[in-house]
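Subject: Structure handover

Hello,

Here is the structure you asked for. My notes on it follow below.

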Amino acid sequence: MADETIAGGDEESPGLSRRGFFLGAGGLAASGLIVGGAAGAAGGFALARATGSETAATADIVYPYFDQAHQGGIQTEPQKYSVLMTYDLTASSRGEVQVLLARWTAAIAQMTKGQPIGNPAPPGPEAVAQDSGEALDLGAQGLTVTVGLGPGLFDSRFGLASKKPGLLKQLPHLPSDQLQKEFTGGDLCLSACADDPQVAYHAIRNLSRMARGTATTRWTVTGFGRASAGPSQQTPRNLLGFKDGTRNIVSDADFDRWVWLKNQRQSWMNGGTYLVARKIHQNIETWDTDRISDQEQVFGRTKLEGAPLTGHGEFDAPDFSKKSAAGDPIIPATSHVALAAHENNGGIKIHRRSYNYTEGIDGVGQIDAGLLFVAFMNDPDHFIRLQTKLGSSDRLNEYIKHIGSALFAVPRGPRTGSYIAAELFD
Ligand code: HEM
């Protein structure tokens, strides 16, 4: 690779070449955080993910990391568990942010191979382990870690304003929002997903530790229950008991049209996307007292099969124009799916990758739980348009409360020998 200068003469990182910077940053090479060449793609680590098979050894699932057109954890088949962590940058220079992204890249490369990020038990009485160790022997577990960049990275602090992705901004106040400041925003985010909760948590915990001195943690949600739990549960269910993901977009053609960015003025964002995260509290106790027939009207789908109210099978196409003998739409116009369906929104589609969460009980003994809604799209306005309708009229609003929110730009995957979002600093 050419020994090109990073950050074009930036006074904060004088004389650093991209290669020297990456391998040298924070003593990465010396500390064992060495990027292993074309790990994954060329290294033969990539195993096909077995779907719906309980015999699949999830420990062995390794997703390639470098030289992928897109970051993992977006079109990747959903893993069972996730941890989303957001951060506030405390760094005073752009160079510090680069070092953090480089160190994260190297560490993610290791962990997605199921390997520790350094010697977990270095010799010597004074030695401190770099890897906290709790994921040793658990394998890769299909781990992906998706890195997102929040609007704050492009404010006056780091001289990156001219590189800001065109559509990255704070989301506006939306109908029914009851956002709590402590669950909103973030200059950076990491979304770790894996088939083992400890592997996902280990990744976030160690990456957060690396960020010390450069970024502080802001808000986090630990999620579960995304991938199907077995061959008989093909579509996972949310905590309201309904199949969630039936009409999600999955095809390459839909991803090309609705998720991936191309021909961007900020060319470093080509191959990237935007991530919307919403922490949505669910009033579980109230929901549980509701009649099934009413719950089905709320979603516009049957509870057991997950079929649209106009059909029989889960994957039957909903017919939003079909009326009852009394002349009312069989799928109520204010049901969740009628309001969110692309047929009723000028064709708009987003890719949802949400997880259930629980945080125990609240101060009065009620279950504190809900949905960590995560969606990817090539225009955040698509989410805004959907949520403007849902927040105004969705029958589901009686049972949910949007309490957290953030938007991040998600760059393409890193190239071998480089690091995530490196082109941002060119
Ligand atoms: C706690 C909050 C939510 C719950 C429990 C929930 C649950 C569901 C369920 C059960 C379905 C039907 C099955 C499916 O096609 O996946 C669905 C569909 C959908 N939801 Fe949500 N959802 C929530 C929030 C949201 C939000 C905030 C948005 C976007 C702003 C959204 C967008 C969609 C879309 C686009 C569909 C597909 C509609 C269709 O094409 O039929 N959902 N959701």
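Ser191 counts as buried, at 8% relative accessibility. The model is a predicted one, so please read every value here as computed from predicted coordinates. Ser191 sits in strand β3, which runs over residues 188-194. Setting aside residues up to four places away in sequence, Ser191 touches Val83, Leu84, Thr144, Val145 and Thr146. Of the elements named in these notes, strand β2 covers 144-149.

Overall make-up

The protein has 426 residues, and 53% of them are buried. Its secondary structure comes to nine helices and nine strands. Taking contacts between residues at least 6 apart in sequence, 76% join residues that are at least 24 apart.

The core

Nonpolar side chains tend to be buried together in soluble globular proteins. In this model the largest nonpolar core has 93 residues. Those with the most contacts inside the core are Tyr87, Leu101, Trp104, Leu153, Leu207 and Leu424. Helix α3, residues 94-112, gives the most to this core, with nine residues. The core draws at least three residues from each of two domains: domain 1 (6-48 + 60-117 + 134-242 + 268-277 + 407-425) and domain 2 (284-404).

Apart from its neighbours within four places in sequence, Leu153 is in contact with Leu89, Val97, Phe158, Leu160, Asp187 and Leu424. Leu424, one of these partners, is also among the core residues with the most contacts.

The ligand

There are 26 residues around the ligand, and Gly245, Thr246, Arg247, His336 and Arg352 come nearest.

For Arg247, a backbone N or O atom lies 2.9 Å from an oxygen atom of the ligand. For Arg352, a polar side-chain atom lies 2.9 Å from an oxygen atom of the ligand.

Around helices α7 and α8

Helix α7 spans residues 292-299, and its buried residues are Asp294, Gln295, Glu296, Val298 and Phe299. They pack against α6 (284-288) and α8. Just after α7, Gly300 takes a positive phi of about 85°.

Leu304 lies in the loop between α7 and α8. Is Leu304 buried or exposed? Its relative accessibility is 71%, and because the cut-off for exposed is over 50%, Leu304 counts as exposed. Leu304 is in contact with Arg237 and Lys243, leaving aside neighbours within four places in sequence. Leu304 and Gly241 are 63 residues apart in sequence, while their C-alpha atoms are 8.5 Å apart in space.

Helix α9

His382 is in helix α9, residues 380-393. With a relative accessible area of 10%, His382 is buried. Leaving aside neighbours within four places in sequence, its contacts are Trp258, Ile348 and Ile350.

Backbone angles to check

Two residues other than glycine have a positive phi. Asp137 has a phi of about 75° and lies in the loop between α3 and β2. Ala421 has a phi of about 65° and lies in the segment after β9, which covers 400-410.

Regards

Note on methods. Residues numbered from 1 in each chain as written. Predicted model: local features only at pLDDT ≥ 70, side-chain atom pairs only at ≥ 80, totals over all residues. Heavy atoms only, no water. Core = buried A, V, L, I, M, F, W, Y, C linked by side-chain atoms within 4.5 Å. Buried < 20%, exposed > 50% of the residue type's maximum accessible area, 1.4 Å probe, protein only. Helix = DSSP H or I, 4+ residues; strand = E, 2+ residues; numbered from the N terminus. Domains from an automatic or database assignment. Contact = heavy atoms within 4.5 Å. Near = heavy atom within 4 Å. Polar contact = N/O pair within 3.5 Å; in protein donor to acceptor, adjacent residues only side chain to side chain.
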